[in-house]
Amino acid sequence: MMAGKKLILAHTRALGDVVAMTAVVRDATLAGHTVAVETAYTPVWKHNPRIVPAPKRGDRAGWTYCKLDYGRVLRDAAKHGRHFLTAWHTNLRDQTGVDVPLTLPRPDLHLGPAEGPVVDGRYWVVVAGGKNDFTTKWPAQAHVQTAVDCLTALGLRFVQAGAAAKHPNHWHPPLERIAVNLVGKTDERAFFRLIAHADGVLCTITAAAHIAAAFEKPCVVWAGGREEATWEAYTPGPQWPRDCGPV
């Protein structure tokens, strides 16, 4: 195992991607490397004890910069049957030669001691919409409403969340019989807290599923068939390396 490298790991895409990337940062540091990050959604890294500040661009002698990408691994997902989290490790190895194992089948998010519940009482989080760039990830809204109706009748309480309706790239239609509507009312850290203190999550293939996995929360996911089930599912199965920790 190569140890002792100083790595700047970068990624500029969606929130769910950056949340998933936290797994390779965790595992690189556990393998003895020093890691700084440059990503979109910098609140993902708040309270993360594993990372160090990124050096300025003129002061990076001795550092290896790697802009991580999972596209090639995703395109081959039907052949290899591996999980999304493993793609970051594969890409890091391919670009830099740094080969670290996936130690746990979940992302690595951290809350601070003051980051308590956003909503009082017990509840499930429901995310009913998604981004306009991947509409195949959206569920039929009637199905979401039916699920909320049935489960509310059984005593569950739902908090609806998602990016603001005014955001040009997101669509989150309001649901009926919701206890609290927080669509557009949470930033990234509040969204993490909302999920971390929930009983569970009901969502599409979106950042909420990866956040739920990070906090080991039950999560029921509507999947539109765009990707292999093994690519997204945080369930026991062959998508995980043999020496990875338990789901």
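At what angle do helix α6 and helix α7 pack, and how far apart are their axes? In this predicted model, local features are reported only at pLDDT of at least 70 and side-chain atom pairs only at pLDDT 80 or more, whereas totals for chains, interfaces and linings use all residues. Residues are numbered from 1 along each chain as its sequence is written, and side-chain values use heavy atoms, with hydrogens and water left out.

Helix α6 (residues 188-196) packs against helix α7 (residues 207-214) at an angle of about 60°, the axes being 9 Å apart; helices (H or I, at least four residues) and strands (E, at least two) are DSSP runs numbered from the N terminus, and axes are lines fitted to C-alpha atoms, for helices over the stretch in contact, with angles running from 0 to 180 degrees between N-to-C directions. The two helices α6 and α7 are therefore oblique to each other, given that angles under 35 degrees count as roughly parallel, over 145 as roughly antiparallel, 65 to 115 as roughly perpendicular and the rest as oblique. Their crossing is right-handed, a term used if the near helix is turned clockwise from the far one by less than a right angle, anticlockwise being left-handed. Phe-191, Phe-192 and Ile-195 of α6 make the contact (heavy atoms within 4.5 Å) with Ala-208, Ile-211 and Ala-212 of α7. The residues of this contact divide into six nonpolar, no polar and no charged, where Ala, Val, Leu, Ile, Met, Phe, Trp, Tyr, Cys and Pro count as nonpolar, Asp, Glu, Lys and Arg as charged, and the others, Gly among them, as polar.

An open sheet of three strands, with parallel pairing, has the order β2-β1-β3; two strands pair if DSSP finds at least two bridges between them. The edge strands, each pairing on one side only, are β2 (34-39) and β3 (63-67), and neighbouring strands of the sheet are turned by 20° against each other on average, direction ignored. Strand β1 (residues 6-11) is joined to β2 by six bridges, and Ile-8 stands opposite Ala-36 in β2.

Helix α1 (residues 15-30) lies across β1 and β2 and runs at about 170° to β1, whereas helix α4 (residues 84-96) lies across β1 and β3 and runs at about 130° to β3. The axes of α1 and α4 come within 9 Å and cross at roughly 55°, and the two helices are therefore oblique to each other. In this right-handed crossing of α1 and α4, the residues that meet include Ala-20 and Val-24 in α1 and Trp-88 and Leu-92 in α4. The residues of the contact of α1 with α4 divide into eight nonpolar, one polar and two charged.
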